[in-house]
Amino acid sequence: MILTDFPVLTTALAAAVRAPSPHNTQPWFFELEQGAVEVFLDEDRVLAVCDPEGREARLACGAALLNIELSIAAAGWFPDTDLMPDRTRPSLLARVAIGDRHRPGSEELRLAAAIPRRYSNRRPFTDQPVPTPVRNAVRLAARVEDARLILVDEAGHLEAAATLIRRADHLQTQDAAFQTEMRAWTSTHDRDDGVPAFAGGSRSAGGLLPVRHFHDSDAPRSYEQDPVVAVLTTSAEGPVAQLHAGRAMQRVLLTATTEGLSASFYSQPMEIPSARAELRALLGGTDYPQTLFRLGYGFPGVPTPRRPLEAVVREKAS
């Protein structure tokens, strides 16, 4: 297959692989045909210990899907998307066809341009407050994708959420199977997936919340004392809701990027069912928490590597 036969889709797929994923597993592959691309969950890259049902992996694929849609729209075409187009093939998550000509709006262009600049920043942030207009912008980004972004400090739940995160982090620290799995996706050598040493962050020497630490060699550093903690929720659960959540997550993260913010994930309570259920109850017991992350002003870093398109794109069999 020659990817350059489909230049708009080739550009869109280059954007797709820049989406975030748990432990940078990149749990996706794509099938390409004339004028369309199908997005698949790569079940071999679903984390068996911390994500046995593939929920976080489907969020990652939803984020990749939004990148595809934004890239097509920015190129001047309408992305015609069908979620879960074949219920007999649950790993086929979406099909995106190039539709009619489209004049991209300023927001589409702005978010598409932010795709290569977005990355998870696991290092300490400054204590510079995030102003109200920026908080409103990221909340609105979630609503665009039929999700809700709750800033837990504004909801009065920061201390309770912090307790949940610390408890879940401790449980995973003591879980030998989890630690083995994380080490398998941690590398100090050159590879095109996993979390490399330069992106692993520092061990926390202080701060309200623990940031997941992927390496043992970094000296401890103090993290921000008053982090902006955001929980993204959906009104439903299941694969389709998780794809919507992944799109919303990515729209929030790209919006944050355009506003000069950094972000990284507090995945620990999302990966322990009892902690996730407790978080849901804390937030009212109606919506389903899908992901949890911190936002703030960080120092520049380096994006994690991605597999080349040749490794993740297949030509659809006729």
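Helix α7 (residues 239–258) lies across strands β3 and β4, running at about 150° to β3, where helices (H or I, at least four residues) and strands (E, at least two) are DSSP runs, numbered from the N terminus. Angles run from 0 to 180 degrees between N-to-C directions, and the axes are lines fitted to C-alpha atoms, for helices over the stretch in contact, contact meaning heavy atoms within 4.5 Å. This is a predicted model, in which local features need pLDDT of at least 70 and side-chain atom pairs count only at pLDDT 80 or more, while totals for chains, interfaces and linings use all residues. Residues are numbered from 1 along each chain as its sequence is written, and side-chain values use heavy atoms, with hydrogens and water left out.

**The sheet**

- Five strands form an open sheet with mixed pairing, in the order β3-β4-β2-β1-β11; two strands pair if DSSP finds at least two bridges between them.
- The edge strands, each of which pairs on one side only, are β3 (77–83) and β11 (313–315).
- Neighbouring strands of this sheet are turned against each other by 25° on average, direction ignored.
- Strand β2 (residues 36–41) runs antiparallel to strand β4 (residues 92–101), and five bridges join the two; Val37 stands opposite Val96 in β4.

**Helices and their packing**

- Helix α2 (residues 55–74) lies across β1 (28–33), β2, β3 and β4, and runs at about 155° to β3.
- Helix α4 (residues 132–144) packs with α7 at an angle of about 150°, and their axes are 8 Å apart.
- The helices α4 and α7 are therefore roughly antiparallel to each other, since angles under 35 degrees count as roughly parallel, over 145 as roughly antiparallel, 65 to 115 as roughly perpendicular and the rest as oblique.
- On the α4 side the contact is made by Ala137, Val138, Ala141, Ala142 and Val144, and on the α7 side by Ala248, Arg251, Val252, Thr255 and Ala256.
- By class, this contact of α4 with α7 has eight nonpolar, one polar and one charged residues, where Ala, Val, Leu, Ile, Met, Phe, Trp, Tyr, Cys and Pro count as nonpolar, Asp, Glu, Lys and Arg as charged, and the others, Gly among them, as polar.

**The loop between α1 and β1**

- His23, found in the loop between α1 (7–16) and β1, has a phi near 55°, a positive value in a residue other than glycine.
- His23 is buried, with a relative accessible area of 4%, buried meaning under 20% relative accessible area, exposed over 50%, and partly exposed in between (1.4 Å probe, protein chains only).
- Asn24, found in the loop between α1 and β1, has a positive phi of about 55° although it is not a glycine, and Asn24 is buried, with a relative accessible area of 3%.
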